[in-house]
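Please look over the sequence and the model displayed below before reading on. The report that follows takes up the sheet, the helices and a few single residues in turn.

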Amino acid sequence: MKRPLAYITASWGVDPTENTEIAAKYSRKVFDAGYSPICPILMLSTFIDDGIPQEHKDRQDIELDYLRRSNVLVVCGSRIDEAVKNDIAIAERYRIPATTLSGILTVKSHGQKTLK
């Protein structure tokens with residue numbers, strides 16, 4: 001079964017270790033809901049140095065490419081910052097549906113109840 005690509009965005013904090021743990025939890029929940037998670041903070045932070053201007057720009061370009069290829073944007077967490085607002089605007093521009101993590105999990109749980 002081919003899983004739809006779900007781009008994960010959130011208002012990340014300043015602690016990279018905490019961000020990685022939270023992003024992994026979000027990714028797991030999205031995976032369990034039947035999607036292939038795309039979480040740039042997990043994927044790119046291990047080898048891209050945002051302190052180098054060209055690499056920071058490359059990171060932004062890669063993130064845009066990932067989002068454009070995704071089937072859905074999943075907004076995680078309770079805070080919305082400028083980066084999340086930007087992801088939502090880009091998704092809207094490319095007609096990519098946006099939802100929340102709780103929205104995906106609610107739909108998934110309704111589907112399970114129907115099957116039982």
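Which residue in S4 does Leu-73 stand opposite? Leu-73 stands opposite Ala-98 in S4.

This is a predicted model, in which local features need pLDDT of at least 70 and side-chain atom pairs count only at pLDDT 80 or more, while totals for chains, interfaces and linings use all residues. Residues are numbered from 1 along each chain as its sequence is written, and side-chain values use heavy atoms, with hydrogens and water left out.

**The sheet**

Helices (H or I, at least four residues) and strands (E, at least two) are DSSP runs, numbered from the N terminus. Two strands are taken to pair if DSSP finds at least two bridges between them. Four strands form an open sheet in the order S2-S1-S3-S4, with parallel pairing. The edges are held by strand S2 (36-38) and strand S4 (98-100), each of which has a single partner strand, so one side of each is left without a neighbour in the sheet. On average, neighbouring strands of this sheet are turned by 35 degrees against each other, direction ignored; axes here are lines fitted to C-alpha atoms, for helices over the stretch in contact, and angles run from 0 to 180 degrees between N-to-C directions.

Burial is described by relative accessible area, where buried means under 20%, exposed over 50%, and partly exposed in between (1.4 Å probe, protein chains only). By that scale S1 is mostly covered, since five of its six residues are buried.

**Helices on the sheet**

Helix H3 (residues 53-69) lies across strand S1 (5-10), S2 and S3, and runs at about 130 degrees to S1. Helix H4 (residues 82-93) also packs on the sheet, where it touches S1 and S3, and its direction makes about 160 degrees with that of S3; contact means heavy atoms within 4.5 Å.

The expected span of a helix is 1.5 Å times one less than its number of residues. For the 12 residues of H4 this gives 16 Å, and the end C-alpha atoms are 16 Å apart, which agrees. The buried residues in H4 include Val-84, Asp-87, Ile-90 and Ala-91. They cover an arc of only 120 degrees around the axis, which puts them on the same side of H4; the arc is that of the directions from the helix axis to the C-beta atoms. Glu-82, Glu-92 and Arg-93, on the other side of H4, are exposed, whereas the buried residues of H4 are covered by elements including S1, H3 and S3.

H1 has 17 residues and reaches 24 Å from its first C-alpha to its last, close to the 24 Å expected at 1.5 Å a residue. Its buried residues are Asn-19, Ala-23, Tyr-26, Ser-27 and Val-30. Seen down the axis of H1, these buried residues fall within an arc of 100 degrees, so they line one face of the helix.

**Single residues**

The table gathers the relative accessibility of several residues.

| Residue | Relative accessibility | Class |
|---|---|---|
| Asn-19 | 8% | buried |
| Cys-39 | 2% | buried |
| Met-43 | 33% | partly exposed |
| Cys-76 | 1% | buried |
| Arg-95 | 77% | exposed |

Asn-19 is found in helix H1 (residues 16-32) and, not counting residues up to four places away in sequence, touches Trp-12, Gly-13, Val-14 and Ile-41.

Met-43 has its place in helix H2 (residues 40-43), and with the same exclusion of residues up to four places away in sequence, Met-43 touches Ile-38 and Tyr-66. Met-43 and Ala-23 are 20 residues apart in sequence and 10 Å apart in space, C-alpha to C-alpha.

A disulfide is a pair of cysteine sulfur atoms within 2.5 Å, and by this rule the count comes to zero disulfides.

Most residues other than glycine have a negative phi. Arg-95, in the loop between H4 and S4, has a positive phi of about 55 degrees although it is not a glycine.
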